[in-house]
Amino acid sequence: MTIHNIYIFNKNGNLLYYNEWNRIKQTGMTRDEEAKLMYGMLFSIKSFVNKISPTDPKDGFLYYKTSKYTLHYFETLTGLKFVLNTDNHAQSVRELLQQIYNQVYVEYVVKNPLIDLAQPIESEIFKEKLDTLIKLSPIYFSKSI
Amino acid sequence: MIVVLNKILNSYKMVIYSIYVVSKSGGLIFNHDHTVSKTENEKSFSYPLDLKLKYENKRIIVEFGQRDGIRPGHVLYEVNGKEVTNRQLDDGQDVFEVLENRELYPLTLKFRRPKMTTNEKIFLASMFYPLFAIASQLSPEPKCSGIEILEADTFKLYCFQTLTGVKMMAVADKNQSGVELLLKKIYELYADFALKNPFYSLEMPIRCELFETNLKSVLDVVEKSGITNI
């Protein structure tokens with residue numbers, strides 16, 4: 001099992017944070033372009049899911065799976081979006097995303113008065129805590145081992 | 001007791017909602033709605049209305065407010081038993097004028113989840129095409145396929161792409177098993193009854209009776225007794 005990368009978007013679609021752990025293939029575009037493409041795709045998926053759903057959706061889109069990876073999506077009611085790419089065997093990634101939100105984002109970004117919430121996150125402690133949380137998670141398993 | 005049992009059965013129900021076949025170029029060539037879940041709500045309202053309605057895309061939809069199963073996004077389609085078209089009633093009255101007229105209350109309003117028109121289905125099918133492509137482009141691993149399974153809280157969408165680029169898609173209940181195999185079976189039906197039909201031209205909508213009847217019977221079998229019995 002492995003975790004590839006994480007994207008955090010705010011409600012306006014700006015990339016707040018990106019980090020990668022085991023990413024083998026790069027898209028060949030700049031991070032900015034890639035984030036825009038990712039956000040555009042998520043935005044379309046959301047409206048697609050809303051329309052094609054047979055009954056009224058509550059959480060809406062949860063994840064999609066391809067032959068090589070799974071993209072997990074978690075959106076808070078305030079419009080903050082967490083996107084985590086893992087391999088196809090990862091279990092209970094949703095809980096992990098929730099943990100990232102309440103244990104790392106809220107604690108070290110929202111509760112830090114010096115951070116502008118609309119700007120990309122530069123805080124070292126946030127990066128550190130996120131990295132530890134990911135690496136301690138059972139989903140994370142480095143391929144090099 | 002029966003109510004409880006029914007509730008349990010309903011929570012385990014296996015349902016396939018609809019099937020889509022999308023051509024290589026992203027056009028919808030076949031669509032079949034197998035199970036249509038009905039969400040209709042009829043309720044008597046007194047003045048003033050405690051829902052906020054707005055007129056959008058030639059429909060009157062609930063913008064804000066939620067009660068008795070009526071939720072934002074639902075469409076108003078009957079007022080006192082008279083059908084609503086655009087923003088007018090059958091007898092030519094403007095719906096908003098009726099709703100604002102205090103003397104006409106209490107009013108019986110009927111709401112439902114909007115049904116997809118054929119146009120919207122074609123639109124959605126062509127919308128899936130770039131999503132499928134971008135998903136493989138954004139992959140962190142090389143040689144990745146497009147979206148195979150997409151899950152939301154109310155359904156699961158399965159997509160199977162054939163080597164020739166035709167996509168078979170199924171919208172099913174989250175508990176429904178064997179949908180991947182079902183899609184392969186549909187591919188088989190497509191090969192047998194659409195492609196071998198001399199009156200069928202490629203990339204055009206599939207209007208082959210045999211294909212449709214066989215598909216329906218396969219769907220019924222899968223829902224009732226699983227994929228293994230085909």
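How much area is buried between chain B and chain A, and what percentage of it do carbon and sulfur atoms give? In this predicted model, where local features need pLDDT of at least 70, side-chain atom pairs count only at pLDDT 80 or more and totals for chains, interfaces and linings use all residues, side-chain values use heavy atoms, with hydrogens and water left out. Residues are numbered from 1 along each chain as its sequence is written, while chains are lettered from A in the order in which they are written.

**Interface**
- The buried area (accessible area, 1.4 Å probe, that two parts lose on being put together, summed over both) is about 3,700 Å² between chain B and chain A, and carbon and sulfur atoms give 64% of it.
- Arg113(B), Leu138(B) and Pro140(B) supply 20% of the area that chain B buries against chain A, more than any other three residues.
- Contact (heavy atoms within 4.5 Å) links 38 residues of chain B with 37 residues of chain A.
- One salt bridge (side-chain nitrogen of Lys or Arg within 4 Å of a carboxyl oxygen of Asp or Glu) is counted between the two chains, and the side chains of Arg113(B) and Asp56(A) meet in a salt bridge at 3.0 Å, N to O.

- Leu157(B) touches residues including Phe48(A), Ile52(A) and Phe128(B), not counting residues up to four places away in sequence.
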